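Open the model in your viewer and keep the selection tool at hand. The stops below go from the whole chain to single residues.

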Amino acid sequence: MKLILDKLEKVILGILAVLFAVMVVALFFQIVMRFVFKNANTWSEELTRYSFVWLSMLGASVATRRSRNMDVDFLVKKMPKVLRIINTVFTRSLIIAFLLVIIIYGVNLVGMTFKQLSAGLRVPMAYMYGAVPTGGVLMLLFTIENIIKDIKNSRVKEG
């Protein structure tokens, strides 16, 4: 499973690089058109915005895998070991519940927006909203992987 998730992370990192390049080029084009030619267009601004949304959701999934999401652990470090374990289980349960809500409502949103076209690019909005359930599924997978790692590491420390 780790091998598959490692390859998936590499694919995501490649997509992130492409999305970032698309964002930079589209934004540069928008700036040149607006300030040099005094002629703004809608598609480049839209492309930048949607690239940023996808970049954020996919980037959050990589951050989840690497356990780089924001964490305030000042109080947690001061807790006794039993309370830390309870806190971790409770926190991870809330994260999983939140991700399931994101996935379910994101899929519903994608289904409702297939016929709605974006103003500038004229593509179905479902492609844009698809970032929400996609990122949610990836974060859920990586959260489960982190839980499994934590369980294995606690057994190694005890044994």
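How many positive and negative side chains does the chain have, and how far apart do the centres of the two sets lie? There are 20 positive and 9 negative side chains, and the two centres are 2 Å apart. The model is a predicted one.

**Whole chain**

Show the chain as a cartoon. Along the principal axes, the C-alpha atoms fill a box of roughly 70 × 35 × 35 Å.

Switch to a surface. The chain exposes about 11000 Å², and carbon and sulfur atoms supply 72% of that area. Buried residues account for 29% of the 159 residues.

**The largest nonpolar core**

Select Leu5, Ile12, Leu16, Leu19, Met23, Leu55, Leu58, Val62, Leu138 and Phe142; these ten residues form the largest nonpolar core. Colour the elements that give two or more residues to this core: α1 (2–35), α2 (43–65) and α6 (131–158). The largest share, five residues, comes from α1.

Within this core, pick Leu19 and display its contacts. Beyond residues up to four places away in sequence, Leu19 touches Ser51, Trp54, Leu55 and Leu58.

Next take Leu138, another member of the core, which lies in helix α6. Is Leu138 buried or exposed? Its relative accessible area is 10%, under the 20% cut-off, so Leu138 is buried. Leaving aside neighbours within four places in sequence, Leu138 is in contact with Leu8, Ile12, Leu58 and Ser61. For a distance along the chain, draw a line from the C-alpha of Leu138 to that of Asp150: the two are twelve residues apart in sequence and 18 Å apart in space.

Centre the view on Leu140, in helix α6. Leu140 is buried, with a relative accessible area of 16%. Not counting residues up to four places away in sequence, Leu140 touches Ile96, Leu99, Leu100 and Ile103. One of these contacts, Leu99, is 41 residues from Leu140 in sequence, and their C-alpha atoms are 6.3 Å apart in space.

**Asn146 and its contacts**

Stay on helix α6 and move to Asn146. At 7% relative accessibility, Asn146 counts as buried. Which residues is Asn146 in contact with, leaving aside its neighbours within four places in sequence? They are Thr64, Arg65, Ser67 and Arg92. Draw the C-alpha to C-alpha line from Asn146 to Ser67: it spans 7.9 Å, for a pair 79 residues apart in sequence.

The last stops concern the backbone. Most residues other than glycine have a negative phi.

Keep Ser67 selected. Ser67 is not a glycine, yet its phi is positive, at about 55°. Ser67 lies in the loop between α2 and α3 (74–78), and this residue is also one of the contacts of Asn146.

Then go to Lys38. Where is Lys38 placed? Lys38 sits in the loop between α1 and α2. Phi of Lys38 is near 55°, again a positive value in a residue other than glycine. Lys38 is exposed, with a relative accessible area of 68%.

Conventions: Residues are numbered from 1 along each chain as its sequence is written. This is a predicted model: local features need pLDDT of at least 70, side-chain atom pairs count only at pLDDT 80 or more; totals for chains, interfaces and linings use all residues. Side-chain values use heavy atoms; hydrogens and water are left out. Buried means under 20% relative accessible area, exposed over 50%, partly exposed in between (1.4 Å probe, protein chains only). Accessible areas come from the Shrake-Rupley method with a 1.4 Å probe; for residues, only the protein chains shown count as cover. Lys and Arg count as positive and Asp and Glu as negative; His and the chain ends are not counted. The place of a charge is taken as NZ of Lys, CZ of Arg, CG of Asp or CD of Glu. A nonpolar core is a set of buried Ala, Val, Leu, Ile, Met, Phe, Trp, Tyr and Cys residues joined through side-chain atoms within 4.5 Å. Helices (H or I, at least four residues) and strands (E, at least two) are DSSP runs, numbered from the N terminus. Contact means heavy atoms within 4.5 Å.
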